[in-house]
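Subject: Handover of a structure for your attention

Dear colleague,

Please find below the structure that I am passing on to you. I would be grateful if you could look through it alongside the notes that come after it.

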Amino acid sequence: MICARFQGIGFAGQQLDCLGSAAEVWAWGLVALIIAASFVLGWRARRKPALRLLTAALFSLAAMALALVIEQPVLRQSAAEGEGGTIVVLLDASESFWRDGDAASAALSRGGQRVAQFQAQIPAQDAAQWQGALRLFGQNSRAIGGETSLANLSVTLRNYRVAAPEPTSDLRAGLMATLATLRSKTGQRMVMLISDGWTSAALDDALLDDFRTEGIPIHIVTAGAAAPAAGLIAADIGPEHRLGEWVILRGTVLGAGEAVLDQGESQIVTQITDSRHLRAIRLSTRLSNRGLQGVRLGFTSDLGQQGKSLFTLVRGPARLLVFGAAPWADALPTARWQPERGDPAAPPDPAAYDLVVIDALAPSAFPADYIETLLAAADGTGLFWINGGLRGAVDQPQIISDWNETVLNPILPVDSDPRIFVQEPPPRDIVIMVDVSGSMGGTRLGSAQSAINAILSQLRPRDTVAILPFADGALRPFAQAAASPATLDAARRYTAGLSAGGGTAPADTIRDSAKFVSNYCAFFFISDADFEPPQAAPQCFTTAISVSDSHFPMDISKWGEEILLGESGNAGAISMRYFKPDERTEFFRQPRFRPVMTGAEPGLDGNTDVEGIATSYPRADAKVESVHADPPPDPVFVWRRDSSRTGIVTGAFLGPMGAEWGGQSLAATEAMLNLLLGWPDQDKYLIRLSDIGGSYRLAVTEIKQATTPGTLSASMLWPDGSATGISLHFDPRLGANMGDVIVSRSETTRRAMLVLQQGADIQRIPVTFPRPGPDSISGSERLDHGINLNLISHIIESSNGLALDQQEIRFYDPPMVVKNSPLYPFLLAFAFAMLALAVWSRELKIR
Amino acid sequence: MIWAAAVLAISALLMLLWHMQKPRPRRIAISFARFVPPLPQAPAGWSRIALTRPRDLSALLCLLAAVGFGLWALLDAGRNYRAALPDHLGLRVVFDRSGSMAVADGGESRQTRALKQVEAARLVLANAGVGSLCIEMLGVGAAIGPALPLALTGPLPADDMAPLSEGAEPARLLEAARRPANGCALTHVLVITDLPPQPADLGGPLLLWDQIGAAVGNNGLRALALRPSAFGQTTPEIRLEGVNSGRDAPPALVLTGPAGPQNAVIYPDPEAEGRWYAIAVYNGAGEYTARLPAGDGYPGDDRISTRLDMPLALAVDWQLGTLPRPASLAAGGAADPLVTELAQLAPQDLARPLMLTYPGFDSKGAARIGPFRESLALLSALNFDALEVALPAPYPAPLPPGFVPMMTDDQGGVLIAQRADPPGLILPAPRLDLPEPQRSLSLTLFFSGLADLIVTPPRAQAIRWIGPDEAPIPDAWRESLTGRPAGAPADLAVLAGSSATPQQLPFWPWAVLAALAALLAEKLLRLARRREVLQ
């Protein structure tokens, strides 16, 4: 009664508890009477009221203490909390399990009920130590939410539904992930598997052994569909097609419904009459783009909507949209190219083409908004500008300059404005070749050293520098490094340490200099000019400095510039043309010339003269494949792949491309176009992309032997510039490199670029992902139904689990001592001490 | 309890003494006149307490009765407490002797900690105040040892409790806990192990699971699987699998085979945390030994050895007349998958992994493909458009038991059928002498099916774990997870806890009630008088 009001009060790690007794009601009744009688006696005495009250109070205290004794108060040592435990519910997310939604939901409710029953057995002080978690397994295994209380887990199970069942069920992956989770837990651990037992990946006994060894039982709740799946069972579109040919989509269905072939802008609908047997369907369409083209096959029936994306590799000639004259376009072989002439005034959508060629047309020839359209289409559609011949006077901006003024400027491979180039030249790669042969001894070497120091003094930290000394052959160089102050100091010390000796053979060093060639390289050749003319010539603008009074023996006009410094010349006073601001004011270089090939790409040499070129400067990341024959090396054909949006490839031919580029130079023309297409070799790979529900599986089979060594890698480039890496592994059963692609959901058709790279060989294959519909549900378990009792019972036996359809999980509480310290001895002693005091208090003031 | 009784007794004495008091001498007012004659002699030797008739006997008796009831309650409560103690305690110690008990953490081995726990349990029993006691011990490694009696004091049989080079599992420990008693009537079973606790009802004795040992990081080898070359496209590989517990996996392991040692890079298993794998080259039949870097928690799982006899290429029992066995496949026997023709099929062959061909492309089949099922491995390389141009004739016989159609023609004829267990496929026969596209189609379909049938995931091989002393360790993998988190220690006080027998309701509260009644009686007696005799 009274004690119970204070039950649970803690004290020094102990709690008050009242064991109670049937006598306690009587006891408190007696106490009430005793107190009343005590105070009546005290009041009746009428003398010394304070003393009488004290006596009555002491007596009352004694009586109350005795009544408390009857309630059996104890101090209970706080029971240690148990270790608790963890239950992981592993739920089958496959189509075969969820086909009968009611049965699956009932199984989940049963699971929730079993969790609740288990929770009810757990002592209150241990309940907080128990955690639950929910994990799904389908195509893969994944956790749903984090850890939660068993109460929440029970509620979650009763209400949880898998909205998009998956075509397969990888139980092995689910169990492996669950085991990894539980291994990090203390206390009791168990798995509740809710499944029909049909699994797409075989379970090995070793995994079940792991559960047994860890003492983790797998309890199972089962449910299964009563019949095989209805609706769409299987579908196939064929692995490869030619552009424009009929594509037949075959499928297998069960039951009545409406089959829809969705290609984004068009739909083909077929009604399927009811059938109790598997039935074949056929739909046909045409595909108008190259690459991996996807369509969506949907099936609507009384059971709902199903769908599956199907991909086929469409090969065929590259579709060129040509603006301007481009007379060579008509000569392109139709087997590989499908050129279409476009009217600049009413241009078609460039995104429908593989490459857009703009020949000698300024942006003003197009509608104003078309430039933006070109920029948007550039991810996946190559852009090729041909400047054409001289427009107006040479000191007037040319057509390429007009394009530099548009929003396309950032993706163009060249900059045509000389003023910008002069104001802030890009980083330069400086290479100094210096003769240290015996003839350089004495003042000549000192003059050479002063020339080197003069060159070094004009470098910026963003430039690089290398020093290549030579005598009989190449000597130990000063390695190329960024021209920081420390590097320049080291280069000066290196220069001061040079000494003369030996013969003069510059050829090796000139050849070695080729590896330093870049868009903005500059070579310096310092010698006394006392050698036989070398066969090789530097591949960069070269300033040849003579430290004698002799001219160089070679045709210096092919190198760049010659400076006669003399044996004791003052290098600080000489003027080097390369370092002077480019005072060029011409936008066009005449006359006709034969370009020099400088790039690494083969087959680009047209062996044709060019009638002048627009003066331009390649972007730092552009690749210059051919240059003007005479210095300065103005680019003729240059192209670049955008470093941030790698789907963008643009090229520029700075001169006119006449009919001869469709004749004797046709191969070079095709080579240039192929560079910009990105998918030059359509027969290199057989590529398949399969919708596996929630993600896509890529299979790449090499048909042609790789021309360059290297491991095949794959990635998917998206229009926003992002890239998704695809981890490939070789599957010997399929003879293909396999990898999965996760694609974020989109309400519209999405275009992307599949990039396959093997060594230096890169193929960029356009991919069209169809508009997603209901999730794909066809798969290997479509015709499975019922419960796979063999597997279920094997799991239960191997892991010491329970069949929760018949049994519930029993909770075994680890035994613990409950230590009670009874308070009745203290209270009895107190009560009688009070009683004695009360009796003696009567006498205290008696006279 | 004694002190409480003493307090009660003293209280009673005080109350008695109070009642035994004599009245004080009357106070007398003396007038000055009395000084004139000499005053009488003052009383000497006055005593306040005297053995005399109590002043209020009935009240005193009530109070003494209350004290008496109080003392009775105390005595009854003590008797109740003693009755709750068990008459007998019988303890079975199930002692884990597996290899991981030799793992040291915090300066001492788990076995040393376990022995201390046994000592502590003996001490608890010895101090339990119970007359009948017995203790027995079962050592458990890979198997359960004999039950050994343990004395309450004295040295423990260290030899019978030393770790063994064996792996143990929780189920074995529980089995030992459940074994019938061997002369010692069991009230408690104490399992001392480094394995995590297992909930269990032993049907009588209380189970205490004492998980000892702090986490110690360890890497261990778990399995070795072999994948043969698939049609010469891949090299035969050895896949080694292991676990890492409480620490990162090492960068590499060393596999020594007939061609010498090779380093295999270790990769974390993307499917499950705490697992890893390494791929090494299979160099033909011979003895292979894999070794992890030493120096982790449990050394018994760092080395495995096995003898591998598999040929470098996949083997098939090739009985096909229309196509010679590819050079990349080895000639197999009755234990290998059978590739044969329908005409040569013997009834007993149906029980084997089987690829059965029929002369499908010899004659023209139906016009169109009918219903089919999806199979990535079997049909993904097949071009349905090409197949439909030259559709083969259907299988000319009823399907054998277990086979289900994978593809039919639009007339219902079965073109391809598959069986799950044992693996089986029925396909049109491959023919090199057919015109195109039948030739390519028959070969594509046949080799896709053959790959699906015989290229299986890596097959696990029997392995032996070798300890540092070169002795084999059965099931050493069971000991690998020494990095698991430590559990809470068992409460050994349970061993001396109250009897499970339900207690009777105590009487003593009624005695206290009687004391209260006596106190009330004392009050009522006094109230019944018109005026108090005593103040």
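This is a predicted model: local features need pLDDT of at least 70, side-chain atom pairs count only at pLDDT 80 or more; totals for chains, interfaces and linings use all residues.

Residues are numbered from 1 along each chain as its sequence is written, chains are lettered from A and ligands numbered from 1 in the order in which they are written, and side-chain values use heavy atoms, with hydrogens and water left out.

Domains

Domain bounds come from an automatic or database domain assignment. Chain A is split into domain 1 (2-79 + 822-841), domain 2 (85-228 + 785-799), domain 3 (233-315), domain 4 (318-416 + 587-677), domain 5 (429-579) and domain 6 (685-769). Between the C-alpha centres of domain 1 and domain 4 of chain A there are 107 Å. Chain B has domain 1 (1-14 + 57-83 + 509-535), domain 2 (88-215 + 482-496), domain 3 (218-312 + 459-478) and domain 4 (315-454). In chain B, the C-alpha centres of domain 1 and domain 2 are 51 Å apart.

Helix packing between the chains

Helices (H or I, at least four residues) and strands (E, at least two) are DSSP runs, numbered from the N terminus. Axes are lines fitted to C-alpha atoms, for helices over the stretch in contact, and angles run from 0 to 180 degrees between N-to-C directions.

Helix 3 (residues 49-70) of chain A and helix 9 (residues 508-528) of chain B have axes that come within 8 Å and cross at roughly 160°. These two helices are therefore roughly antiparallel (an angle over 145 degrees) to each other.

Nonpolar cores

A nonpolar core is a set of buried Ala, Val, Leu, Ile, Met, Phe, Trp, Tyr and Cys residues joined through side-chain atoms within 4.5 Å. Buried means under 20% relative accessible area, exposed over 50%, and partly exposed in between (1.4 Å probe, protein chains only). The largest core has 61 residues, of which A:W328, A:F384, A:W403 and A:F653 touch the most other members. Helix 16 (residues 666-677) of chain A gives the most to this core, with eight residues. Another core, of 47 residues, lies apart from it and includes B:L323 and B:Y358.

Single residues

A:S690 belongs to strand 35 (residues 685-691) of chain A and, at 25% relative accessibility, counts as partly exposed. Leaving out residues up to four places away in sequence, A:S690 touches A:S695, A:Y696, A:R697 and, in the other chain, B:L376.

A:S513 sits in the loop between helix 15 (507-512) and strand 25 (521-527) of chain A, and at 0% relative accessibility it counts as buried.

B:L91, in strand 1 (residues 88-96) of chain B, is buried at 1% relative accessibility.

Yours sincerely

Conventions. Angles under 35 degrees count as roughly parallel, over 145 as roughly antiparallel, 65 to 115 as roughly perpendicular and the rest as oblique. Contact means heavy atoms within 4.5 Å.
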